[in-house]
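I opened my notebook to look up a few strands and a couple of residues. Here is what I jotted down.

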Amino acid sequence: MAEQGDITVVGADSHFEGKLTFERTAKINGKFDGTITGKGELQVSQNALCKADVQAGAVSVDGRIEGNVQAGDTVRLNGSGVVKGDINAAKMVMQEGASFYGMCAVGPDAAQGRPKPVSPPQPQEGKDDNKK
């Protein structure tokens, strides 16, 4: 891995296995297998393959992620981006051409990793649905 200013980079000709943690920005240009945790933005470049569970402030996908994604802010699936896994995020943007295979929870509670449970509909008083 190399650092470019405040960006940690896994190069296009690299294959990294293990745990990646970062503070500001991390960019995957090659292949990564493991787990990724960061406070800033994870960028997965076109032609990159990331087989990992990801937890970050924001995630931008032009390549491919195979694993679950948790973002405190936005998950952005750009036109060539693919995610195979579940997404939990405060916001999600999906461009035409992007692919997503999994379950998704979006909103403030989802970003905190605790989507609100779905309550069954409550019967309304004064309505009789059994009339003939």
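First, a term I needed: strands (E, at least two residues) and helices (H or I, at least four) are DSSP runs, numbered from the N terminus. Two strands pair if DSSP finds at least two bridges between them.

I noted that this is a predicted model, where local features need pLDDT of at least 70, side-chain atom pairs count only at pLDDT 80 or more, and totals for chains, interfaces and linings use all residues. Residues are numbered from 1 along each chain as its sequence is written, and side-chain values use heavy atoms, with hydrogens and water left out.

**Entry: strand E12**
I found E12 (residues 87-94) paired with E10 (residues 69-77) in the parallel sense, over seven bridges. Met92 in E12 is the bridge partner of Val75. E12 also pairs with E14 (residues 104-106), in the parallel sense over three bridges. There, Ile87 stands opposite Cys104 in E14.

**Entry: Thr74**
Is Thr74 buried or exposed? I looked it up in strand E10. Thr74 counts as buried because its relative accessibility is 12%, and buried means under 20% (exposed is over 50%, partly exposed in between; 1.4 Å probe, protein chains only). Not counting residues up to four places away in sequence, Thr74 touches Gly57, Ala58, Val59, Lys91 and Val93; contact means heavy atoms within 4.5 Å.

**Entry: Arg64**
Arg64 lies in strand E9 (residues 64-66). I have it down as partly exposed, at 27% relative accessible area. The C-alpha atoms of Arg64 and Leu49 are separated by 5.0 Å, with the two residues 15 apart along the chain.
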